[in-house]
Amino acid sequence: MKVLFLDLKAQYKSIRPGIDRAIKEVLESQHFVLGPKLEAFEKEFAKYLGVKYSVGVASGTDGLILSLLSLGIGKGDEVITPANSFVATTAAVVAVGAKPVLVDCDKDTYQIDIKKAEKKITKKTKAILPVHLYGAPCEIDKLKKLVKKHKLFLVEDSAQAHGTTLNGKKVGTFGDLAVFSFYPGKNLGAYGDGGAIVTNNKKLYEKLLKLRNHGQGKKYFHQIHGINSRLDEIQAAVLREKLRHLPVWNRKKNQLAQKYKESFRGYKMQKIISGGKSNYYVFVIEVGNRDKLRRYLFNNGIDTLIHYPIPIHLQKAYNFLGYKKKDFPVAEKVAKRILSIPIYPELTIKQQEYIIEKLKLFTL
Ligand SMILES: *Cc1c(COP(=O)(O)O)cnc(C)c1O
């Protein structure tokens, strides 16, 4: 049997008429940038999350950069963020000229360690930029208290966490700002790059509308320095169509995750914090002989990935930050042991049973 890590073709097949119609409408309108599809999607996405405003941008990475810019964060400022994320989280801080201050993660949840984060707060700290890793919520309620106490901004990297909740409240609604990615492989994925910034703060919202559109208020009246980072109409049309399916897709992923959890007694799996509900962007297991397991699964037709094999502080591009090996021992250890196994709504029961069977045989 062959099991892909992700099967976007199967997803497309399951929603094809709606997607084709949505794209055709854009083609027929020949309105490609800042049009009615984006406006509608922004409203629908904000409503889905339970937040006042949403701003569509060209990618999750741009969303992070624009968020930091909108808060006035730049040279001389520090932003606290986890060492074990996708590189874009740290890269965005570097992009605005601020200094990323990295923090280790918890050994069971893999989320940013809040006690260690608090110790890193200095006079230069302007914001905390946590990540809801693998689609599971980080301790965002506790972080909210922490930023209040120290008068900092809170920006949620929710790039992986569309629909994730903590105590029934969607993540992305806790911080001053939150950023989502619509990279094709995310739980809500476009047919290209895309992202959104969400907020309840009207001033930030209005500033972000300008920042993503050359700093314009009215056309050709450039009030602030901005960039070109807009979610285009074709992507917005696709996302509107997919957003309707997201609750069902997330539910299906949850069912698959529960089945994995019941089946793998011998494996360590990502712990979800109390009151939290993951959208299971990826399903992570932790094993000592990870590379051997990965080869074994591959030889049995099962694709896996590692999110992420090298922590950010050990990446060549970020050597200049001055970190070294053993600075974040938990993140370093976990990076050698984690493995993401297939989990997507289109995964069939047979395929999942096959994965479970193979994994059980490996433990024996
Ligand atoms: C995907 C991702 C991003 C970047 O999003 P893009 O849309 O690919 O730019 C940022 N942070 C995290 C945690 C991500 O997983």
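The model is predicted.

**Exercise 1.** Describe the lining of the second largest pocket: which residues lie nearest its centre, and which elements give two or more residues?

*Solution.* 
Step 1. Fourteen residues, written 14 in the count, line the second largest pocket; E39, E42, Y205, L209 and R212 lie nearest its centre.
Step 2. Two or more lining residues come from each of α2 (36-49), β1 (53-57) and α7 (202-211).
Step 3. With five residues, α2 gives the most to this lining.
Step 4. Sorted by class, the lining of the second largest pocket holds six nonpolar, three polar and five charged residues.

**Exercise 2.** State how much space lies in the largest pocket, and find which residues lie nearest its centre.

*Solution.* 
Step 1. The space in the largest pocket comes to about 330 Å³.
Step 2. Its lining is made of 20 residues.
Step 3. Nearest the centre of the largest pocket are F86, A88, S181, Y183 and K186.

**Exercise 3.** Determine which element gives the most to the lining of the largest pocket, and how many nonpolar, polar and charged residues that lining has.

*Solution.* 
Step 1. List the elements that give two or more residues to the lining of the largest pocket: α3 (60-70), α4 (88-95) and β8 (177-181).
Step 2. Among these, α3 gives the most, with three residues.
Step 3. Count by class: the lining of the largest pocket has nine polar, eight nonpolar and three charged residues.

How values were computed: Residues are numbered from 1 along each chain as its sequence is written. This is a predicted model: local features need pLDDT of at least 70, side-chain atom pairs count only at pLDDT 80 or more; totals for chains, interfaces and linings use all residues. Side-chain values use heavy atoms; hydrogens and water are left out. On a 1 Å grid over the protein atoms alone, a cavity is a set of points where a 1.4 Å probe fits but cannot get out, and a pocket is an open set with protein on both sides within 12 Å along at least five of seven lines; lining residues have an atom within 4 Å of a point. Grid points are joined across faces, edges and corners, and a volume is the space filled by probe spheres set on the points. Helices (H or I, at least four residues) and strands (E, at least two) are DSSP runs, numbered from the N terminus. Ala, Val, Leu, Ile, Met, Phe, Trp, Tyr, Cys and Pro count as nonpolar, Asp, Glu, Lys and Arg as charged, and the others, Gly among them, as polar.
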